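The following paragraphs lead the reader through one structure, from the chain as a whole to individual side chains. Please keep the sequence and the model in view while reading.

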Amino acid sequence: MSFSPRSPLQLITVALGVTLVLAVTPIAAQASVKNPTTKTVLKAAQKAMAKESGVHIYVTSKTGTVKSVVVVDIGATFGEETITSGKDRVKIIVTPTDAYLSGSVTGLTKIMGLTAAEQKKVGTLSVVMKAGTSPYTSFHTNLTTSVLSGILPRAKGTKYKVSGDRAKDYQLSWKTAASSTASATKSVLTISSGSRTLPIKEVITGTTGGGTTAFSKWGEHVHRYAPAVAKTIPYATVIG
């Protein structure tokens, strides 16, 4: 058995529900892309994100009566993610040398895919994964700035328009076909038209609901402390 970490932006498409638009700190107010099109806006956003040291991401969704919230702080070498879905909860911390996973009984089994026996070994401890191992690499990739290059859509099939509010931000929209595990969805990504061409929010709607990803605190410096050694358990001991 092995963990199956997913990026925070993938989680929202798994748990689609009622859209909740979040307030985000605005980013400047002057056009940053001349003659904006889908391709030029994507190129400008990619370039802008590459300069950022971190970002705070807040994802909300609802499936039936179960609300889910994913809170992520992505940094250059440190990162943290907390996933709460009903009574299920998981917390992941990434440092330059280790990654740590902890959570509730159902969080570890339902969200992370541990067996009941593996969860029993973990208990209230944090599973520690060393740098250089496959599990560490998976978490590190999803919770550090390298993941940001994958949040933008492809130019092909993506439509561009200007938002209808006073901000006149850039809006990119695209559709994702249904699969065996998810319904068809439509996504609208709003990117600031200010001096920093950075994502502000993404709203996803589908036949089974929808959700919102909000981006804020661009440029934040993320640092997290590891749990005490006595409160950890090696990955190899759990997945043995």
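A residue is called buried when its relative accessible area is under 20%, exposed when it is over 50%, and partly exposed in between, with a 1.4 Å probe and protein chains only. The model is predicted, with local features requiring pLDDT of at least 70 and side-chain atom pairs counting only at pLDDT 80 or more, while totals for chains, interfaces and linings use all residues. Residues are numbered from 1 along each chain as its sequence is written, and side-chain values rest on heavy atoms, without hydrogens and water.

The protein chain has 240 residues, of which 47% are buried. Its secondary structure consists of six helices and 12 strands; these are DSSP runs numbered from the N terminus, a helice being H or I with at least four residues and a strand E with at least two. Contact means heavy atoms within 4.5 Å. Where contacts join residues at least 6 apart in sequence, 59% of them link residues at least 24 apart.

Strand β6 (residues 126-130) contains Ser126. This serine counts as buried because its relative accessibility is 10%. Rings of Phe, Tyr and Trp (its six-membered ring) pair if their centres lie within 6.5 Å; planes under 30 degrees apart count as stacked, over 60 as edge-to-face and the rest as tilted. The structure holds two aromatic pairs. In one of them, Tyr160 and Tyr170 are tilted, at 6.2 Å centre to centre and 45 degrees between the planes. Because Tyr160 belongs to strand β7 (residues 159-162) and Tyr170 to strand β8 (residues 170-176), this pair ties together parts that are 10 residues apart in sequence. Tyr160 counts as partly exposed because its relative accessibility is 25%, whereas Tyr170 is buried, with a relative accessible area of 3%. Phe215 and Trp218 form a stacked pair, because their ring centres are 6.2 Å apart and their planes lie at 20 degrees. Both Phe215 and Trp218 are buried.
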